[in-house]
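Please open the structure in your viewer and keep the selection tool at hand.

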Amino acid sequence: MPLDMWWFVGACGVWLGAAALLLRVRGAAPDATPDAQTVALLRGGPEAAVTVALVALQQRGVITDGRPGTVRTDGWATAIREPLQLAVHSSLRRPVAPRTLITVPRVRRALAALSDRCAQSGLLRSHGRWYTARALLYAVPVTIAVGCMATPVTAPHLAASAVPVAAAAGLWCVPRQTRAGRQLLASLRETHPLERRRSVGPRVVMSVALHGDRALALHLPHFARGGGLLRHGRRDRGFPPDERASDGGLGTLGGADH
């Protein structure tokens, strides 16, 4: 049987169906409020989670800003049990830029474990399902392009081909956060609105987890600027389509700002 464009359109329907199943996640809101690192990961991705871990360590007085745009240790750290905070602190043997910390293997492993816990709770789509689904969506326009080159194409073929391409574009915009994850963030923002006055301690950590740069500039202006934590108007990186994670996936407590 000779190849026909309809075969390629049908194949795209299979890719779309498989991708939709992989992106479908049922999750319920967790019974307890997640820790600040989890909240930051949901809101802004790995970079936001590392930033919150740094803020938590700074609030404990064990790190401070170093050379312009870097952070460094500042005294002995004891009883750090949160895995991401521990990984971040152990990576600060010399002044390091915050964004560089995401490339450190031990930090990436801690981020991967945090992401896995979010996926198990139904707050994030898992690493494997997410990237498999995106690979299938990427295959849709490629399949249509191959079909156009390999077979005679008529106007009905072109019209029919536009449907799976449009559907793939729509599914591509599905966020890695699940509906339960987005609802959790919305609920926490209502419970913890951005304060108008500077604070210290755990309230600062959760505020930064939920509000990012605005909370950093309010509560920790000197540390945030000196340590290179502020993104100067850039949005958090979140979970972009081209995010790549090594070490099995993706990729921390109080003193006042000085």
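Contact here means heavy atoms within 4.5 Å. Helices (H or I, at least four residues) and strands (E, at least two) are DSSP runs, numbered from the N terminus. The model is predicted: local features need pLDDT of at least 70, side-chain atom pairs count only at pLDDT 80 or more, and totals for chains, interfaces and linings use all residues. Residues are numbered from 1 along each chain as its sequence is written, and side-chain values use heavy atoms, with hydrogens and water left out.

First, select helix α4, residues 83–90. Its residues Leu84, Gln85, Ala87, Val88 and His89 are buried (under 20% relative accessible area, 1.4 Å probe, protein chains only). These buried residues pack against α2 (36–44), α3 (46–60), β1 (63–65), β2 (71–73), α5 (98–101) and α6 (105–120).

Next, select Glu82. A side-chain oxygen of Glu82 lies 2.8 Å from the backbone nitrogen of Leu84, capping the N-terminal end of α4.

Now select Val88. Leaving aside residues up to four places away in sequence, Val88 touches Val50, Ala53, Leu54, Leu57, Leu101 and Val107.

Widen the view to the largest nonpolar core, which has 49 residues; Leu54, Leu84 and Val88 have the most contacts inside it. Such a core is a set of buried Ala, Val, Leu, Ile, Met, Phe, Trp, Tyr and Cys residues joined through side-chain atoms within 4.5 Å. Helix α3 gives the most to this core, with nine residues. Apart from it lies another core, of 16 residues, including Ala19, Leu22, Ala133 and Leu136.

Definitions and conventions
Buried means under 20% relative accessible area, exposed over 50%, partly exposed in between (1.4 Å probe, protein chains only). A polar contact is a pair of N or O atoms within 3.5 Å; within protein, one must be able to donate a hydrogen and the other to accept it, and residues adjacent in sequence count only if both atoms are side-chain atoms.
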